[in-house]
Amino acid sequence: QGYLAKAGRDHAPGIIVIQEWWGLQEQIKGICDRLARAGYEALAPDLYGGVAVGYHDSEAADRAMSSLDFLDATDNIVRGAAQYLHKNGAKVGLMGFCLGGAVTIIGAVRVPEIAAACCFYGIPPREAAKPENIRVPFQGHFASRDDWCTPQAVDALYASLKQAKVTSEIFRYEADHAFMNEQRSVHDRAAAERAWGRMLEFWRTHIV
């Protein structure tokens with residue numbers, strides 16, 4: 001299950017879009033549509049199998065996320081999406097938000113079909129994936145006001161990438177966690193548009 005937005009041209013590069021902990025919401029589908037308008041085949045696999053949680057219900061979102069086997073989802077659902085987009089020979093990028101940002105880093109380590117990865121405010125535990133094992137170009141976007149991906153956690157991520165000489169860039173924004181989500185009160189339009197532009201430049205460099 002998932003949501004596919006077509007680019008309208010043959011052999012377009014692909015981008016996998018991984019959901020927040022709320023599930024495959026309309027906002028994530030909107031990201032896919034926006035990427036399709038930019039010339040990419042965008043596929044958001046549904047990691048929760050049809051369950052979408054309302055933004056008001058963080059307890060339900062936490063239960064849904066806690067029940068997800070991240071490694072199994074990456075190795076099967078995310079890799080399946082990568083294989084689907086790669087079947088025309090085009091390069092495939094991986095991106096995600098919150099939970100999806102953590103899955104993006106795991107996928108950048110474990111999914112061989114991925115050519116580049118862009119993470120928005122998500123970091124997995126090291127037992128799931130070590131950032132220094134990333135072997136594709138990586139871009140990360142993080143908020144200064146985030147009690148999960150704290151500035152200290154982002155510092156550690158940056159240090160791991162730099163020590164391992166991973167081709168990478170990290171951007172930080174004076175914003176709150178989930179600042180890219182225009183359906184929530186934490187949305188920061190200026191930060192979101194700046195991050196979107198940087199992301200598009202990253203894709204143009206690495207998967208086009």
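I began with the charges, for which I count Lys and Arg as positive and Asp and Glu as negative. The model I am reading is a predicted one, and in the protein I find 22 positive and 25 negative side chains, with the centres of the two sets lying 7 Å apart.

Next I looked up the secondary structure, and I noted six helices and seven strands in the protein.

Then I turned to the overall form. The C-alpha trace spans about 40 × 40 × 35 Å along its principal axes. For 208 residues, a compact globule would have a radius of gyration near 17 Å, and the 15 Å of the protein agrees with this. Of the contacts with a separation of 6 or more, 70% are between residues 24 or more positions apart.

Of the 208 residues, 53% count as buried.

My last entry concerns the cysteines: how many disulfides does the protein have? A disulfide is a covalent bond between the sulfur atoms of two cysteines, and I required the two sulfur atoms to be within 2.5 Å. By this rule I count zero disulfides. The closest cysteine sulfur to that of C118 is in C119, and because it is 7.5 Å away, it is too far for a bond. For C119 the closest cysteine sulfur is in C149, at 6.7 Å, which is also too far for a bond. I noted too that C118 is buried, at 0% relative accessibility, and that C119 is buried with a relative accessible area of 0%.

Notes
Residues are numbered from 1 along each chain as its sequence is written. This is a predicted model: local features need pLDDT of at least 70, side-chain atom pairs count only at pLDDT 80 or more; totals for chains, interfaces and linings use all residues. Side-chain values use heavy atoms; hydrogens and water are left out. Buried means under 20% relative accessible area, exposed over 50%, partly exposed in between (1.4 Å probe, protein chains only). Helices (H or I, at least four residues) and strands (E, at least two) are DSSP runs, numbered from the N terminus. The radius of gyration is taken over C-alpha atoms; the globule rule is 2.2 Å times the number of residues to the power 0.38. Contact means heavy atoms within 4.5 Å. The place of a charge is taken as NZ of Lys, CZ of Arg, CG of Asp or CD of Glu.
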